[in-house]
Amino acid sequence: MASPELSTLSTLLRQTVEEDEALTLDDLLQRTGADSVGPTIVILSILSMIPYASFVTGAGLMVVGGQMVVGSRKSWLPKAFLRFRMQGRHVRSGLAQLERWLQVLAPAGSRRRAVSKPLVGVLVLWTAFMLALPLPLVPFANVLPAAGLALIGLAVMEHRPLLAGFGALLSLGGTAYFLAVGKGVLVVFSQLFGVSLF
């Protein structure tokens with residue numbers, strides 16, 4: 001079951017995109033009132049599940065992660081990111097995927113405690129870096145990092161370190177997946193071109 005705060009954010013997102021209109025990231029953030037780092041991470045993570053959007057959203061999440069490392073409570077994104085446009089149906093699809101993950105990984109009764117934002121910011125930076133890598137043809141390349149970042153954003157929103165731990169595990173899984181894929185690509189490259197890389 002999703003948390004109360006995420007349910008509110010989900011409702012706002014659905015209301016914003018219910019007419020299937022084309023929206024900019026700035027429109028989405030302003031209409032949902034997201035100016036703190038937690039909701040911004042959740043929204044950008046949802047958008048990261050849209051095909052080919054993770055190049056932009058991953059870079060934006062890296063900016064937010066850097067702000068967390070220096071202790072910022074509010075998020076700020078450059079105008080170039082805020083002008084990024086998307087279709088409402090894609091936002092709804094990403095939101096549905098996120099809610100399926102959270103039904104399993106976001107227990108409503110987890111203990112509340114302050115989350116270390118600088119430490120979490122480092123995790124956001126690394127996970128967002130994976131999202132921003134140009135790997136559009138790799139299956140599920142954006143799913144694990146995006147789901148992990150969404151849990152981290154929710155952990156910051158609701159002061160639930162357990163969710164940050166789940167997010168870290170998904171980030172670790174995404175790292176392992178990327179390393180395995182990268183090694184596979186190098187092996188294929190070496191076999192095709194007869195170049196020894198190991």
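# Exercises on helix packing in a predicted chain

The chain has nine helices and two strands as its secondary structure. The model is a predicted one. Buried residues account for 45% of its 198 residues.

**Exercise 1.** State in what order the elements of the chain run from the N terminus, and what share of its contacts between residues at least 6 apart join residues at least 24 apart.

*Solution.* From the N terminus on, the order is α-β-α-α-α-α-β-α-α-α-α. Taking contacts between residues at least 6 apart in sequence, 74% join residues at least 24 apart.

**Exercise 2.** Find which residues of helix α2 are buried, and work out how they are placed around the axis.

*Solution.* Step one is to list the residues. Helix α2 spans residues 25-32, and its buried residues are Leu25, Leu28, Leu29 and Thr32. Step two is their direction. They cover an arc of only 95° around the axis, so they sit on the same side of α2. Step three is the end of the helix: just after α2, Gly33 has a positive phi of about 70°.

**Exercise 3.** Describe how α2 packs against α3, and name the residues that meet.

*Solution.* Begin with the geometry. The angle between α2 and α3 is about 140°, and their axes are 11 Å apart. Angles over 145 degrees would count as roughly antiparallel; α2 and α3 are therefore oblique to each other. Their crossing is right-handed. Next come the residues. From α2, Leu25, Leu28, Leu29 and Thr32 meet Thr40, Ile43, Leu44 and Leu47 of α3. This contact has six nonpolar, two polar and no charged residues.

**Exercise 4.** Determine how many residues of α3 are buried, and how α3 lies against α8.

*Solution.* First, the burial: eleven of the eleven residues of α3 are buried, so this helix is mostly covered. Among them are Val37, Thr40, Ile43 and Leu47. Second, the geometry: α3 (residues 37-47) and α8 (residues 143-158) pack at about 160°, with axes 7 Å apart. The two helices are therefore roughly antiparallel. In passing α8, α3 makes a left-handed crossing. Third, the residues: Val37, Gly38, Pro39, Ile41, Val42 and Ser45 in α3 meet Ala146, Leu149, Ala150, Gly153, Leu154, Val156 and Met157 in α8. By class these are ten nonpolar, three polar and no charged.

**Exercise 5.** Is Ser45 buried or exposed, and which residues does Ser45 contact beyond its neighbours within four places in sequence?

*Solution.* Ser45 lies in helix α3. The cut-off for buried is under 20% relative accessible area. Ser45 has a relative accessible area of 0%, so Ser45 is buried. Beyond its neighbours within four places in sequence, Ser45 is in contact with Leu61, Ala146, Leu149 and Ala150.

**Exercise 6.** Describe how α4 and α7 cross, and sort the residues of their contact by class.

*Solution.* Helix α4 covers residues 54-69 and helix α7 residues 117-132; their axes come within 7 Å and cross at roughly 165°. This makes α4 roughly antiparallel to α7. The crossing in which α4 passes α7 is left-handed. On the α4 side, the residues in the contact include Phe55, Leu61, Met62 and Val69. On the α7 side, they include Lys117, Val124, Leu125 and Phe129. The residues of this contact divide into 15 nonpolar, five polar and one charged.

Note on methods. Residues are numbered from 1 along each chain as its sequence is written. This is a predicted model: local features need pLDDT of at least 70, side-chain atom pairs count only at pLDDT 80 or more; totals for chains, interfaces and linings use all residues. Side-chain values use heavy atoms; hydrogens and water are left out. Axes are lines fitted to C-alpha atoms, for helices over the stretch in contact, and angles run from 0 to 180 degrees between N-to-C directions. Helices (H or I, at least four residues) and strands (E, at least two) are DSSP runs, numbered from the N terminus. Angles under 35 degrees count as roughly parallel, over 145 as roughly antiparallel, 65 to 115 as roughly perpendicular and the rest as oblique. A crossing is left-handed if the near helix is turned anticlockwise from the far one by less than a right angle, and right-handed if clockwise. Contact means heavy atoms within 4.5 Å. Ala, Val, Leu, Ile, Met, Phe, Trp, Tyr, Cys and Pro count as nonpolar, Asp, Glu, Lys and Arg as charged, and the others, Gly among them, as polar. Buried means under 20% relative accessible area, exposed over 50%, partly exposed in between (1.4 Å probe, protein chains only). The arc is that of the directions from the helix axis to the C-beta atoms.
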